[in-house]
Amino acid sequence: FDKNKVPEKTIELVKEILCFLNISRFTNENTLCCLLYLKASLSLRPENDDIALVQESVITLSSLTEMAVIIGLYKDPTQYAQLTDPCRGDSGLQNYRRKLWFSVVSMNMTELLPNGGCCSINQEYLECFLQRKDQSMSYTASVVQSMDPKNLFDLQIHDMLLKEYKLLTVLNELNSSCTSVLSSSPLLKIEKLILKVQETLEFTFPFSKLTENSGESHKVNIGCLDENIGIDFTKVINSRTFVNNLLTRSILLNVTGSLAIYFETLHKEFPFKYTQYFEKFLLEAHKHCFEMIKLLEKYLGSELDEM
C-alpha cells in the first residue's frame with residue numbers, strides 16, 4: 001500500500017484548496033466528489049486501522065450526507081427539469097449524480113451498519129431515489145438515455161451499483177427497526193426483514209456466483225480512456241459480492257445475536273415463555289457467525305485468488 005499511498009503534502013494541499021473554495025457554502029457535484037475521494041483515501045491508510053468506529057468518521061459521514069441532500073442527489077435526475085433539458089445541461093451529469101449518491105450511501109452503510117448504527121440518511125430519501133418522473137421507464141433505461149452507447153463499462157457499473165443500493169436500503173431498514181429510540185418494533189416485523197435481507201442478498205449478490213466466476217475473465221473497455229485499456233469486470237463483481245456477503249452476514253450476526261441476548265434475559269425470569277425464542281436466535285446467530293468464518297477462510301485460503 002505504501003507504494004500507492006497519497007503523500008501527506010498532497011492531502012494537506014487538497015484540504016486547503018477545498019477550504020479556500022468554501023465548499024460547505026458552495027457545494028456542487030465536483031467538490032463532493034473530491035471529498036469522497038479524500039475520505040476514502042484517509043480511511044484506507046494503514047495508520048487509520050481502528051476496529052471501532054471513531055467519532056470523527058461519523059461526523060464526516062454526516063457532513064457528506066448533508067451536502068448530498070442539499071444539492072438534491074437523493075432524487076433521480078429525471079425529476080429535475082434543468083437536468084433533463086438538453087438545451088440547459090450536460091446529459092452526462094445525470095449519471096454522474098447517480099454515482100455520487102450511490103457512493104455517499106455505500107460509504108455510510110459500510111461504516112455505520114456493521115457497528116450497530118443506522119445510516120445517517122433518512123429511509124425516505126433512500127426510497128425516493130428509486131422513483132423517476134416517468135415510472136414506466138426502468139432505471140437502466142434512464143441510465144442508457146443519458147450516456148454514450150459505447151460505454152459498456154459504465155452501464156455495467158450502474159447495474160451493479162443499483163443492486164448494491166437495493167441491498168443496502170433493506171439492511172438499513174432492518175437496522176432502523178432494531179434501534180428505534182421511542183418505540184420497539186414487533187418481533188414479527190424484524191423476522192420478516194431478516195428474511196427480506198437474506199432473499200435480497202441471494203438475488204443481488206449470491207455467494208455461489210463468486211465460486212462459479214472463479215477463473216473467468218470479462219474485460220470491458222473504459223469509455224473515457226484509450227480503447228486498449230480495459231478492466232476485468234468479473235473481478236469487480238467478485239470483489240463486491242465478497243464485500244456485500246461479509247457486510248450482510250455481519251449485520252445479521254449483530255441483529256440475531258442481540259435478540260438472543262435479549263431473550264436470554266427474559267428466559268431467566270420466564271423460562272417457559274421465552275425459551276423457544278432464545279434458542280432460535282442463538283442458533284441463527286451461530287449460523288451467521290460460522291458463515292462469516294467460512295467466507296473469511298475462503299478469502300484467506302486459495303479459493304478466492306481470482307477475486
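Guide: Start with a definition. A residue is buried under 20% relative accessible area, exposed over 50%, and partly exposed in between. Keep in mind that this is a predicted model.

Visitor: Why is Lys-99 called partly exposed?

Guide: Lys-99 has a relative accessible area of 26%.

Visitor: What makes Asp-154 and Lys-99 a salt bridge?

Guide: The distance from N to O is 2.7 Å. The cut-off is 4 Å, between a side-chain nitrogen of Lys or Arg and a carboxyl oxygen of Asp or Glu. The pair therefore counts as a salt bridge. Asp-154 belongs to helix 8 (residues 152–178) and Lys-99 to helix 5 (residues 92–112), 55 residues apart, and the pair links distant parts of the chain.

Visitor: Is Asp-154 buried or exposed?

Guide: Buried. Its relative accessibility is 11%, and the limit for buried is under 20%.

Visitor: How do you know that Arg-240 forms a salt bridge with Glu-164?

Guide: Their closest N and O atoms are 3.0 Å apart.

Visitor: Why is Glu-164 called buried?

Guide: Glu-164 has a relative accessible area of 4%. Buried means under 20%, so the label applies.

Visitor: What makes Glu-291 and Arg-249 a salt bridge?

Guide: Their side chains meet at 3.2 Å, N to O. Again the cut-off is 4 Å, so the pair qualifies. Glu-291 is in helix 12 (residues 271–300) and Arg-249 in helix 11, so parts that are 42 residues apart in sequence are tied together.

Visitor: Which labels do Glu-291 and Arg-249 get for accessibility?

Guide: Glu-291 is at 28% relative accessibility, so it counts as partly exposed. Arg-249 has a relative accessible area of 16% and is buried.

Visitor: How many salt bridges does a search of the whole structure find?

Guide: Nine.

Visitor: How do the residues of its lining divide?

Guide: Into four nonpolar, one polar and one charged. Glu counts as charged.

Visitor: What about the second largest pocket? Which residues lie nearest its centre?

Guide: Ser-177, Cys-178, Ser-185, Ile-190 and Leu-259, out of 21 lining residues. Helix 8, helix 9 (187–204) and helix 11 each give two or more residues to the lining. Helix 11 gives the most, with eight residues. About 410 Å³ of space lies in this pocket. A pocket is an open set of points.

Visitor: How do the residues of the pocket lining divide?

Guide: There are 11 nonpolar, 10 polar and no charged residues.

Visitor: Why is Phe-207 called buried?

Guide: Phe-207 is at 18% relative accessibility. The limit is under 20%, so Phe-207 counts as buried. Phe-207 lies in helix 10 (residues 207–212).

Visitor: Leaving aside neighbours within four places in sequence, which residues is Phe-207 in contact with?

Guide: Thr-241, Asn-245, Leu-295 and Lys-298. Contact means heavy atoms within 4.5 Å. The C-alpha atoms of Phe-207 and Leu-295 are separated by 9.2 Å, and the two residues are 88 apart along the chain.

Visitor: Last, the whole chain. What share of the residues is buried, and how many helices and strands are there?

Guide: Buried residues make up 40% of the 307 residues. The protein has 12 helices and two strands. Of the contacts between residues at least 6 apart in sequence, 72% join residues at least 24 apart.

Methods
Residues are numbered from 1 along each chain as its sequence is written. This is a predicted model: local features need pLDDT of at least 70, side-chain atom pairs count only at pLDDT 80 or more; totals for chains, interfaces and linings use all residues. Side-chain values use heavy atoms; hydrogens and water are left out. Helices (H or I, at least four residues) and strands (E, at least two) are DSSP runs, numbered from the N terminus. Buried means under 20% relative accessible area, exposed over 50%, partly exposed in between (1.4 Å probe, protein chains only). On a 1 Å grid over the protein atoms alone, a cavity is a set of points where a 1.4 Å probe fits but cannot get out, and a pocket is an open set with protein on both sides within 12 Å along at least five of seven lines; lining residues have an atom within 4 Å of a point. Grid points are joined across faces, edges and corners, and a volume is the space filled by probe spheres set on the points.
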